[in-house]
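Please keep the structure in view while reading the points below.

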Amino acid sequence: VQLAQCLPLIVPKLAEAALEVRAEIRTATGAVLREIGDLVASPEVQRLASDLVTALAEPTNQKHTQAVLAKMGNSTFLSLIDPASLSLLMPVLVRGLKERDSMSKKWSAQIFGSTSMLVQDVECIRPYLKSVLPLLEEGLTDPVPEVQREAAKAFGTLEQCLPDFSRQHCQPWLFGKLRNGEIGEQLGASLALAEVLLKMDKTMAAELMPEIEVGCLEQKATTRRGFLELMDTMPQAIKMDFVPYITRLFPAMLMGITGDKEKDEDAGLKASTALVQRFGDLTPDLLYPAFLNVYCATLHGETPEERNRQQVVRDRAAMLLGKFVEKILEHKRFGQDLLTTDDCSTKEMRESILILVFMERFDADASVKRYANGTWKAAGGAPKVQKAIMPSVEKMFARMRAGEFGIGAQKHAAKITEELVKGGEMEAPAGDEPAEAARFNFTNAADRAPGSIAERIVAGKAPADDIDPEALFKRQLSGGEVAEEVLQSHAAFALQPAEVRSHCDAITASVILEGRKKKLGGPRIVANIIESLKVAIHLQGNHDEALDKELPEVAEEIARATLGSKFDMMAGAGADDSETLLYVENLLLMYGGGMLLLKDTNLEMKKNHR
């Protein structure tokens with residue numbers, strides 16, 4: 001285990017030594033790499049070990065790297081990957097991510113994701129992230145879409161395998177680029193965040209949504225564009241898991257429409273169109289309230305600039321309402337119109353949609369009226385349909401005149417009512433004129449928690465103070481403070497040189513880690529610590545009887561201090577191997593085209609046990 005933890009430091013240095021001018025150094029480097037290749041346990045990597053060693057030993061020959069990446073890209077990994085395999089794979093993947101060739105970058109990002117999912121111990125990935133993560137970040141802005149997509153998926157894999165690392169490092173960086181990056185960086189960050197949200201715990205994802213909603217409504221246009229790009233990619237990635245967020249986020253998408261002539265430059269329109277196309281006939285009851293509220297909100301503006309912007313939003317929203325109706329009409333049978341298409345949604349919902357289209361036909365803007373008239377005709381808006389919905393129209397107008405939807409909707413309802421009364425299609429409403437309504441405002445992000453971790457992450461800030469990776473790695477290689485304190489508290493060990501105690505500290509950490517992985521019992525771990533420390537002490541030429549006498553007590557104290565309550569819980573497990581017929585660690589069971597059934601499972605067969 002200790003050697004496995006050191007391999008991330010050893011192999012990259014060997015790769016550097018392979019560039020040495022002196023032939024004897026290169027020869028010795030190749031020999032050491034071949035020795036590491038012989039330690040590989042993963043069958044798939046074992047078959048490629050010689051190619052991996054060749055690629056590492058001859059770094060100036062790019063053909064070796066490209067060839068081994070192509071072989072790995074076409075391989076199906078069915079076994080867990082051990083640390084030795086990982087130490088050979090990662091330097092080659094890093095080199096592949098640095099290549100100009102787009103296929104090498106694509107394969108490297110793809111293999112990194114697969115490897116992260118199949119490592120025996122996910123902690124083995126951490127030491128390599130310092131070199132891999134910046135290259136994946138560059139991949140998000142690569143001009144080749146396949147490279148972008150695989151780099152984005154790699155961020156999703158990191159969220160699945162190392163959620164704490166993703167939350168501390170990946171998510172703040174991605175949201176930072178989404179908020180302040182150039183358009184290319186925003187597109188890449190939106191792809192990666194969509195993959196991250198797909199793999200993220202649903203509770204944590206829900207905590208981010210109020211902050212994402214606020215980002216979609218930012219005053220700064222470039223920041224708003226970044227979050228709207230996320231609204232375009234997120235539904236495509238998480239699919240039906242996006243449904244709970246439609247009511248919250250769809251109004252923000254519509255209000256983010258800018259009216260740019262190029263559709264791809266108008267992130268709000270692009271996101272809204274994609275959402276209507278995907279969910280228009282699946283969840284019409286969730287989309288309709290956003291269309292109604294956005295229409296009412298854009299009927300009144302305080303300044304000419306605001307009115308112009310609202311007119312653009314209203315115009316594009318009217319066009320999207322037509323597409324929304326078309327999605328529902330895909331379910332109609334011969335002779336049916338929107339009101340009678342009973343295979344999609346309820347009659348009340350379809351009637352509400354028709355009422356909104358009817359209101360837009362009286363809009364002051366000619367373009368909105370044109371879209372509305374086209375939609376009304378497509379929906380089968382014959383006089384009999386208008387007559388059928390008129391009672392519901394009168395109820396809606398009464399709510400609007402009462403000020404429920406703001407002053408703009410109040411005035412619009414009064415205008416339509418007047419025209420209908422003049423045409424004899426509606427009776428004049430009884431009673432006094434209602435008081436002037438207030439402006440319609442969205443109640444956005446009401447459940448937002450100021451000062452929360454979610455707010456920091458979406459603002460592009462790490463949720464906690466960062467830990468120095470070098471210090472963390474050294475801490476992993478040592479036993480921590482527990483073993484050192486125990487050793488110093490016993491007289492015989494306290495008299496030993498600091499180097500000897502440090503060596504014993506590292507040994508105990510390795511034995512305990514190995515015992516945890518094998519799920520050994522507490523007493524068995526103590527026995528292994530005693531045996532390993534005895535060998536180490538005797539190799540130092542020290543045969544002090546006092547050390548041998550203190551060893552059992554020291555070993556048990558260290559094990560108990562490190563394992564805590566788990567020591568006694570594990571006491572009955574793995575204490576005696578005499579009854580064991582078969583023991584397989586980290587069993588991986590798959591079927592068909594790589595469908596995972598079991599992972600990280602230990603198979604144990606004992607005498608006279610079923």
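A cavity is a set of grid points where a 1.4 Å probe fits but cannot get out, and its volume is the space filled by probe spheres set on those points. The model discussed here is predicted. By this definition, the second largest cavity has a volume of about 30 Å³.

- Which residues line the second largest cavity? They are C296, A297, H300, F405, G406, I407, G408, R439 and F440.
- Two elements, α15 (284-297) and α20 (406-422), each give two or more residues to this lining.
- Helix α20 gives the most, with three residues.
- By residue class, the lining of the second largest cavity has five nonpolar, three polar and one charged residue.

**The largest cavity**

- The structure holds two cavities of 30 Å³ or more, and the largest has a volume of about 50 Å³.
- The residues that line the largest cavity are L197, K202, A205, M209, I238, D241 and Y245.
- Which helix supplies the largest share of this lining? Helix α11, which spans residues 202-216, supplies three residues.
- Five residues of the lining of the largest cavity are nonpolar and two are charged, while none is polar.

**Domains**

- The chain is divided into domain 1 (1-161), domain 2 (281-445), domain 3 (477-570) and domain 4 (580-609).
- Taken over C-alpha atoms, the centres of domain 2 and domain 4 are separated by 61 Å.

**Helix packing**

- Two packed helices are described by the angle between their axes and the distance between the axes.
- Helix α19 (residues 383-401) packs with α20 at an angle of about 140 degrees, and their axes are 9 Å apart. Angles over 145 degrees count as roughly antiparallel, so at this angle α19 is oblique to α20. The crossing of these two helices, α19 and α20, is left-handed.
- Helix α12 (residues 221-238) and helix α13 (residues 246-255) have axes that come within 10 Å and cross at roughly 130 degrees. Because of that angle, α12 is oblique to α13. The α12 and α13 crossing is left-handed.
- Is the crossing of α9 and α11 left-handed or right-handed? Helix α9 passes α11 in a right-handed crossing.
- The axes of helix α9 (residues 163-180) and α11 come within 14 Å and cross at roughly 25 degrees. Angles under 35 degrees count as roughly parallel, and therefore α9 is roughly parallel to α11.

- Helix α11 gives three residues to the lining of the largest cavity, and the axis of α11 comes within 14 Å of that of α9.

Terms used. Residues are numbered from 1 along each chain as its sequence is written. This is a predicted model: local features need pLDDT of at least 70, side-chain atom pairs count only at pLDDT 80 or more; totals for chains, interfaces and linings use all residues. Side-chain values use heavy atoms; hydrogens and water are left out. On a 1 Å grid over the protein atoms alone, a cavity is a set of points where a 1.4 Å probe fits but cannot get out, and a pocket is an open set with protein on both sides within 12 Å along at least five of seven lines; lining residues have an atom within 4 Å of a point. Helices (H or I, at least four residues) and strands (E, at least two) are DSSP runs, numbered from the N terminus. Ala, Val, Leu, Ile, Met, Phe, Trp, Tyr, Cys and Pro count as nonpolar, Asp, Glu, Lys and Arg as charged, and the others, Gly among them, as polar. Domain bounds come from an automatic or database domain assignment. Axes are lines fitted to C-alpha atoms, for helices over the stretch in contact, and angles run from 0 to 180 degrees between N-to-C directions. Angles under 35 degrees count as roughly parallel, over 145 as roughly antiparallel, 65 to 115 as roughly perpendicular and the rest as oblique. A crossing is left-handed if the near helix is turned anticlockwise from the far one by less than a right angle, and right-handed if clockwise.
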